[in-house]
Structure formats: structure tokens, C-alpha cells
Amino acid sequence: MAKQGSERIKDALDHIKRAFAGHGPSTDGDKAKGATWDWLETHKDQKGIAALISLGGFRGIKALQDESKTEMRHFQRGYLLILRTLGGKSDAEVKIVKARLVSTSGQNARIETENMKTEIRSVYTKWADKKKKKETPRIYGEPILAPSFQYANQLQKQSLAPALKRASELLTQAWVGIMRINLNTLEKKRYVAYFGAVDQTRYNKVKETLKAVHDVICSKNITLYYRGIDAPTDPGEDDTPQFLLDRGANTLGPSTAYGYVYSTVQKEKEWHVFLGRAFFEDASRHGRDSLSGVIIHEMTHLLKQTQDHRYGDDNCIALAKEVGGPAKAVENADSYEYYCESFQSKVTTTFG
């Protein structure tokens with residue numbers, strides 16, 4: 001970069017910082033300047049930025065002595081620079097803005113200067129908010145809807161994201177609860193109700209299962225397949241993954257089940273859950289036998305190969321009390337579903 005261009009960039013960076021004086025935290029100006037500089041350092045292949053922000057001055061001796069007009073130009077260059085870098089605008093887009101700025105007469109230089117300061121702060125704030133959102137860990141995964149969901153109605157499709165989010169909340173509360181069974185008598189009573197007397201081996205198995213399901217539902221993308229009443233029956237529209245078809249999976253058409261998975265046939269970093277008629281027609285949004293509970297149930301099958309020894313809340317509680325029952329309870333999918341759903345009063349997700 002030529003010396004003149006380098007000085008122009010440096011001056012623009014300084015005025016980006018100055019745009020924050022008296023506005024917000026005192027460090028914002030330094031952060032904005034630093035972020036813009038970092039962008040320039042990591043995009044050294046981007047040529048012509050110094051020329052892009054060149055605006056020129058005003059003609060005449062009087063104009064050269066007008067400090068307000070000169071100041072305005074400085075902040076205009078700063079605005080063009082941050083717009084091109086943190087603002088993500090292309091050269092062509094910046095040139096359009098530049099054309100408007102070049103035509104500025106300078107008659108209201110002080111007002112224009114304040115406008116430029118505001119625009120600089122706005123660009124940085126939007127960039128910082130976007131960066132923060134990107135860096136914030138997700139607390140729940142997002143459903144990937146397979147092509148078969150084109151046959152589902154809008155309400156059915158719209159219920160999936162809240163169901164997944166609610167499942168993540170239930171699992172989080174369940175994890176907190178199970179870690180406190182030795183500190184809180186109510187939590188111990190809850191655990192015993194679904195998994196029987198506390199035995200270290202069984203307790204560890206429950207923790208491992210909840211953690212495995214929690215880690216996926218709370219941060220990964222699960223692919224969901226529509227197998228409701230209007231699911232396609234034409235083999236040409238079968239959206240079952242090929243690796244499952246190759247192992248004999250037969251998932252075409254409607255299913256009366258709540259849901260099902262293929263726990264013995266898996267692909268690394270992929271999670272596939274098929275949702276049947278009962279999921280859409282019988283499962284509740286809140287309470288027992290919920291949409292979220294079904295997803296938790298199926299994910300215990302998929303991730304930890306749980307079984308279906310018993311169905312139903314009362315039957316799961318009875319299983320935990322039977323002789324030899326606790327050993328089956330810790331590998332029973334419905335036991336995990338109802339244990340998690342017992343924390344429903346602590347979750348906040350609602351359906352639109």
C-alpha cells in the first residue's frame with residue numbers, strides 16, 4: 001500500500017474510534033477500530049480500499065480553512081472504510097454511497113459529521129451483535145425437515161422447532177436434577193420413582209444416557225422424517241437415507257407409531273428420526289406423552305439402544321418397584337421420557 005494510501009487508512013481508522021466519543025462504553029471506539037484493522041489484516045488480498053475511501057476536499061482557499069468541512073470528510077472516509085469491512089459491503093455498493101458523499105456540499109458540515117458518526121456506530125453495533133450471536137453456544141439443536149414434510153400441514157411443521165427446544169430444556173433440568181439426588185430428597189425420590197433404588201452402576205448408566213441425548217438434542221441438527229397420515233407411498237418419493245435402505249430399512253408410507261429409529265444402523269454425526277401418525281395426532285404439546293417426550297424417547301433408542309420393556313407413566317413407575325425391575329428401568333425408553341417430563345413445570349418454551 002502506498003504511503004498516501006496507508007495514511008488515509010490510518011486516518012479513517014482514527015476517526016472510526018473518535019465516532020464513539022461520548023457514546024456508550026469508552027472502550028467501544030478502540031474495539032471498532034481494532035476490529036476494522038483486524039479485517040484489513042486478514043483480507044490483504046482486497047486491493048484498492050485506500051482509493052475506494054478517497055473523497056477529495058473542497059475547492060478554494062476558504063474551503064481549505066473550514067475545519068468543519070475537513071472534519072466531515074474525515075468521518076465520511078471512516079464510514080466508507082467500516083462499511084466496506086465490518087459492514088460487509090462490496091466495492092460496488094460502497095461506490096454508490098461514496099457518490100452521495102462526494103456530492104455533499106459541506107454547507108451543513110457539522111450535521112453531516114454527526115450523521116457519519118452515528119452511521120459508523122450503527123455499522124459496528126450490527127457487526128458486534130452478529131458476532132456475539134454467532135459465538136453464543138446454542139442451547140438446542142435445529143430440526144432438519146426431510147423432503148417428506150412437504151406432505152405435512154403447516155401446524156405440524158411449525159410444532160417441531162418448539163418441541164425440540166422444549167426437549168432440550170427438559171433434558172437440562174433432568175441433568176441438574178439427577179446430579180442432586182444425594183443433596184435433595186425430592187430429587188432422590190423422583191429418581192427412585194422411575195429407576196428404582198440408587199445403585200452406582202445403574203445410576204451411572206442413567207447419567208450416561210441422559211448426557212448422550214442432551215448433547216445431541218441441545219446442540220446438533222436432527223433430521224426428521226414425516227410418516228404421518230399423508231406420508232408419500234410412491235417409492236420415487238422415499239426420502240429414507242440410502243445407508244438405511246441398503247441395510248433393509250422399510251420406512252415408506254404412513255406409520256401408526258409415535259416414532260421410530262434404526263439404532264443398529266447409524267452414520268457418524270447424523271441423527272435420523274421418523275415421526276408417525278401418533279406423534280402428530282395423539283402427542284400433547286405439554287405434559288406427559290408430549291411431542292418433546294417422544295423425541296427424547298426415540299433418541300435414547302438411537303444413541304444408547306434402550307428397549308421398550310414398558311409403556312406408560314404408571315407402568316414405568318411400577319417397573320422400578322418390581323424385583324429386578326430397576327435393571328430394566330435404566331434401559332427402558334419410556335422411563336427416560338417420563339423422568340424428563342416430570343420436570344415440565346420448570347421449562348418455559350411455548351408453542352405459537
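Biologist: Helix 9 passes helix 11 in which kind of crossing, left-handed or right-handed?
Modeller: Left-handed. That means the near helix is turned anticlockwise from the far one by less than a right angle; clockwise is right-handed. Helices are DSSP runs of H or I, at least four residues, numbered from the N terminus.

Biologist: Where did the model come from?
Modeller: It is predicted, with residues numbered from 1 along each chain. Local features need pLDDT of at least 70, side-chain atom pairs 80 or more, totals use all residues, and side-chain values use heavy atoms without hydrogens or water.

Biologist: At what angle do the axes of helix 9 and helix 11 cross?
Modeller: Roughly 150°, and the axes come within 10 Å. So helix 9 is roughly antiparallel to helix 11 (over 145 degrees).

Biologist: New topic. How do the axes of helix 9 and helix 14 cross?
Modeller: At roughly 70°, coming within 8 Å. So helix 9 is roughly perpendicular to helix 14 (65 to 115 degrees). Helix 9 passes helix 14 in a right-handed crossing.

Biologist: Which residues meet?
Modeller: Helix 9 brings Ala-163, Leu-164, Arg-166, Ala-167, Leu-170 and Leu-171. Helix 14 brings Leu-291, Ser-292, Ile-295 and Ile-296.

Biologist: And how many of those are nonpolar, polar and charged?
Modeller: Eight nonpolar, one polar and one charged. Nonpolar covers Ala, Val, Leu, Ile, Met, Phe, Trp, Tyr, Cys and Pro; charged covers Asp, Glu, Lys and Arg; the others count as polar.

Definitions and conventions
Axes fitted to C-alpha atoms, helices over the stretch in contact; angles between N-to-C directions. Helix = DSSP H or I, 4+ residues; strand = E, 2+ residues; numbered from the N terminus. Parallel < 35°, antiparallel > 145°, perpendicular 65-115°, else oblique. Contact = heavy atoms within 4.5 Å.
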